[in-house]
Amino acid sequence: MIDSHHLRAAIVAIAASVSAHAEELTALDSAIGDGDHGANMKRGFDAVAADLDAISAKPLAEALKAVGTKLVMTVGGASGPLYGTLFLTLGKELAANPEAYVAAYRKAVDAVAARGKSEINQKTLLDVLYPVADALEAGASKADVLAVAGAAVAGTKDRKAIRGRASFLGDRSIGHVDPGARSSLLLIEAVAGVLP
Amino acid sequence: MKNVGIVIVSHSPLVAEGAASMVRQMVGDDVPLAWCGGNPEGGLGTSVEAILAAIDRAWSDRGVAILVDLGGAETNSEMAVEMLDGDRAHKVVVCNAPVVEGAVMAATEASGGASLAEVRATAEELSPA
């Protein structure tokens, strides 16, 4: 069973990883976006981490919603509503069906796709989130899920952006890893590190 | 009878304020109007909290049309609309239109007492499908 203590540890790990990789995310975003992804993600997860005592005092579903709301309110770029929606939907789904983690994750990724009006293979974070959903549903081991996610990030490099600022570049977006895909991997690695 | 309100959301507070002052000069004071720009730290970007506050300032029971500049402004505005309570959320739309021209055209339409759907359609005529 996953509880708020796991979430607390995951948030600490995510905030540390996002902070350590902020420059890398910004460099990726400078190549094909507006160069604020690292700073935005750091601001968001620093804000969540600063509120951690209050957040982790809540039951898991409520705590996930609180994380999502905090991200929505503090990130300042499109990644705020996108990652915010991921956590908000995880919270909503687990409130309705506690312990149906994989199903909640699939619904949450669908909600991110709806929020961004996007789908897989458009060089976004969905290119990582969806293959991870498939792997989880197939019962893959933690190591296999991480391998799938890592390969999915690398796969965004040769893809042309269809959504977001990077799509303005058209073919010139090819050859760069998507910054949202990269930050998704940071989150997935951090969560994998703390889950049982 | 109050007219439909207009909210301008840009990554840059200077752009948002400038577009709003163009609306005021070209359309006048008969339309509730608010703007916001900048991320929660004051840098370039948008803030859901600031968008919610701008919707409040421009509120009209006939509805509010939001004009946005680029990607994150649209996503954050849609998020803000969803966070309104149900009755109000149905009265707010994010227009697919260029921010400056869209704001002026939407406000012009609104100042004549047009419905929210008419205001939106007028702004969106500027963005051919």
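1. Basis. This is a predicted model, in which local features need pLDDT of at least 70 and side-chain atom pairs count only at pLDDT 80 or more, while totals for chains, interfaces and linings use all residues. Residues are numbered from 1 along each chain as its sequence is written, and chains are lettered from A and ligands numbered from 1 in the order in which they are written.

2. Chain A overall. Chain A has ten helices and zero strands. Helices (H or I, at least four residues) and strands (E, at least two) are DSSP runs, numbered from the N terminus. The radius of gyration of chain A is 16 Å, close to the 16 Å from the globule rule for 196 residues, so chain A is as compact as a globular protein of that length. That radius is taken over C-alpha atoms, and the rule is 2.2 Å times the number of residues to the power 0.38. The C-alpha trace of chain A spans about 45 × 35 × 25 Å along its principal axes.

3. α7(A) on α8(A). The axes of α7(A) and α8 (residues 126-137) of chain A come within 10 Å and cross at roughly 160°. Axes are lines fitted to C-alpha atoms, for helices over the stretch in contact; angles run from 0 to 180 degrees between N-to-C directions. The two helices, α7(A) and α8(A), are therefore roughly antiparallel (angles over 145 degrees; under 35 is roughly parallel, 65 to 115 roughly perpendicular, the rest oblique). The crossing of α7(A) with α8(A) is left-handed, that is, the near helix is turned anticlockwise from the far one by less than a right angle, while clockwise would be right-handed. Residues in this contact include A:Val102 and A:Tyr105 of α7(A), with A:Leu126 and A:Leu129 among those of α8(A). By class, the contact of α7(A) with α8(A) has ten nonpolar, no polar and two charged residues. Ala, Val, Leu, Ile, Met, Phe, Trp, Tyr, Cys and Pro count as nonpolar, Asp, Glu, Lys and Arg as charged, and the others, Gly among them, as polar.

4. α8(A) on α9(A). Helix α9 (residues 142-155) of chain A packs with α8(A) at about 155°, their axes 9 Å apart. That makes α8(A) roughly antiparallel to α9(A). Their crossing is right-handed. A:Pro131 and A:Val132 are among the α8(A) residues here, and A:Val148 and A:Ala149 among those of α9(A). The contact of α8(A) with α9(A) has ten nonpolar, one polar and two charged residues.

5. Between the chains. 17 residues of chain A are in contact with 14 residues of chain B (C-beta atoms, placed from the backbone, within 7 Å). On chain A, the elements giving two or more residues are α3 (37-50), α5 (60-74), α6 (79-96) and α7 (101-116). α6(A) gives the largest share, four residues. This side of chain A has five nonpolar, eight polar and four charged residues.

6. The sheet of chain B. Four strands form an open sheet in the order β2-β1-β3-β4 (chain B), with parallel pairing. Two strands pair if DSSP finds at least two bridges between them. β2 (33-37) and β4 (92-95) of chain B stand at the edges with a single partner each, so one side of each has no neighbour in the sheet. Neighbouring strands are turned by 20° against each other on average, direction ignored. β3 (residues 64-68) of chain B and β4(B) pair over four bridges. B:Val64 stands opposite B:Val92 in β4(B). Helix α2 (residues 48-57) of chain B packs on the sheet, and its direction makes about 170° with that of β2(B).

Definitions and conventions: Two residues are in contact if their C-beta atoms, placed from the backbone, lie within 7 Å.
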